[in-house]
Amino acid sequence: MKVVKFGGSSLANAAQVQKVVNIIKADDQRRFVVVSAPGKRFAGDIKVTDLLITYANDVIKQRPLDDITTQIISRYQEIAQAFHISDADFNEIKAAILQLPDHSYQDNDYLMAAFKAHGEKLNAILFAKVLTSAGLNAKYLDPKDAGLVVTDRPNDADIIPESYDRLGEWAASSIIRVIPGFFGYNLQDQICTFSRGGSDITGAIVARGVHADRYENFTDVNAIYAANPKVVENPIAIHHMTFREMRELAYAGFSVFHDEALIPAIQGDIEVVVKNTNHPSERGTSITSTKRVNPAYPVSGIASSPDFCGIYIRKYMLDKKSYSQKILNILAQYGLSYEHMPSGIDDLTVIMKQDQLTPDLEDLLIRELVIALHPDEIHITHDYALLMVVGEGMLNRTGLMSKATDALARQNVKLVMVNQGASEISMMFGIQQDKADASVQALYDAFFPDL
């Protein structure tokens, strides 16, 4: 039995929805269908979720609502009419959109969560009707009825473990169950959403809960590639990778698959397959706990992530233990997180995402660090990128670091940080951001010379 999830691009309009119907018809093992809200139909279009965010803000600020509700209704109506859904059936969706402001919400955070979640909820209701009109035995399954209970954080919820047992009660269902992604209900029956992109998370949660053999995640690419196709021309497809590889690469910028969504699949040891709605016969990428390594290609993928900064601190006779504790306390005081803290005998650097810092906060942070640490030197360098080389075949192999640094040196790339992952299946480099694309290309050429 399979759980399948379709992203917003797969459900953006009637033509795409028809492809999804065909995919479900092609395999009677696809019994649980998780859907996103309709995405962009063309460049410059607006996702339904973003329309709903605008709707929520208009309600909060007491602005006119007719224009935004008309836009949202028309997105669903376009699909409904194409599949000859009756006006009586569609009125359920239309009424739900118009009645959203009339509900009682604990505060504006819960209001925003409920509005956003309705992109998925209404699309699941509509898609169940579409499948029924196509002759399939399908029913909408609300997360509340499914038993999908989440923590009480309206826009950043986590699954409550007991939910898996409740979901398991649906495993024997012979009916196709259409479930909205992205949200669940807290213990007070209020809607709380996962983080953005959370439909992937819902799909993996359902797959674990119903003990699926496979979780298929349909998107708009044929596979996950060894490097970003926007940077490297025609990179090879990764047809099989491990959960560890996927999480390492997702951390460094791979955005095909929501990395948090791997956790339930890892816990349930469920194969995840990324496939293309537009080309469903393509092999795609299988993600499992283990794989057979080709010794000729120890590296599976290369990725880069921009917009990091480094706080450099130098102090003669640096006491790393007390310094590190003081730094972490100051970062926690201002709600800041860090990624890495490489150090030498008299210095260390705190690597962090620079979008956490405003100019005022940056000045305040430096002042606090000076007062607490009395450094000989301290400054912040902006516009770093983190570059990641990942592969299960790197384990217990020698010479790979040399190959990587040689390739970067030939591109005159200055390394500001080097880190060998504790798992030994990754290498990370801190580089200047304007060298990121050239560095990815250089590493790809070094590790995939014949492809």
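These questions and answers walk through the strands, helices and cores of a predicted model.

Me: In what order do the strands of the eight-stranded open sheet lie?
Reply: The pairing in this open sheet is mixed. Its edge strands are strand 3 (138-140) and strand 10 (240-242), each pairing on one side only. On average, neighbouring strands are turned by 20° against each other, direction ignored. The order is 3-4-2-1-7-11-12-10.

Me: Which residue is the bridge partner of M241 in strand 12?
Reply: Strand 10 pairs with strand 12 (residues 285-288) in the parallel sense. Three bridges join strand 10 and strand 12. In strand 12, the partner of M241 is I287.

Me: At about what angle does the direction of helix 9 run to that of strand 10?
Reply: Helix 9 (residues 243-251) packs on the sheet. There, helix 9 touches strand 10, strand 11 (271-276) and strand 12. The angle between the directions of helix 9 and strand 10 is about 80°.

Me: Which residues touch the most other members of the largest nonpolar core?
Reply: Nonpolar side chains tend to be buried together in soluble globular proteins. The largest nonpolar core here has 74 residues. I287 belongs to it, and the contacts of I287 beyond four places in sequence include M241, F243, M246 and V272. The residues touching the most other members are V3, I287, L443 and F447.

Me: How many residues does the second, separate core hold?
Reply: This core stands apart from the largest one. Among its residues are I23, A37, F83 and V130. Its count is 46.

Me: Are helix 3 and helix 5 roughly parallel or roughly antiparallel?
Reply: The axes of helix 3 (residues 66-82) and helix 5 (residues 108-133) come within 11 Å. They cross at roughly 10°, in a right-handed crossing. Angles under 35 degrees count as roughly parallel. Therefore helix 3 and helix 5 are roughly parallel.

Me: Which residues of helix 5 meet helix 3?
Reply: Helix 5 also lies across strand 2 (30-35), strand 3 and strand 4 (176-180). On the helix 3 side of the contact are Y76, I79 and A80.

Me: Which residue in strand 17 stands opposite V390?
Reply: Strand 15 (residues 377-390) pairs with strand 13 (residues 301-314) in the antiparallel sense over eleven bridges. In that pairing, Y312 stands opposite H379. Strand 15 also pairs with strand 17 (residues 426-432), in the antiparallel sense over seven bridges. Opposite V390 stands S426.

Notes
Residues numbered from 1 in each chain as written. Predicted model: local features only at pLDDT ≥ 70, side-chain atom pairs only at ≥ 80, totals over all residues. Heavy atoms only, no water. Pairing = 2+ DSSP bridges. Helix = DSSP H or I, 4+ residues; strand = E, 2+ residues; numbered from the N terminus. Core = buried A, V, L, I, M, F, W, Y, C linked by side-chain atoms within 4.5 Å. Buried < 20%, exposed > 50% of the residue type's maximum accessible area, 1.4 Å probe, protein only. Contact = heavy atoms within 4.5 Å. Axes fitted to C-alpha atoms, helices over the stretch in contact; angles between N-to-C directions. Parallel < 35°, antiparallel > 145°, perpendicular 65-115°, else oblique. Left-handed = near helix turned anticlockwise from the far one by under 90°.
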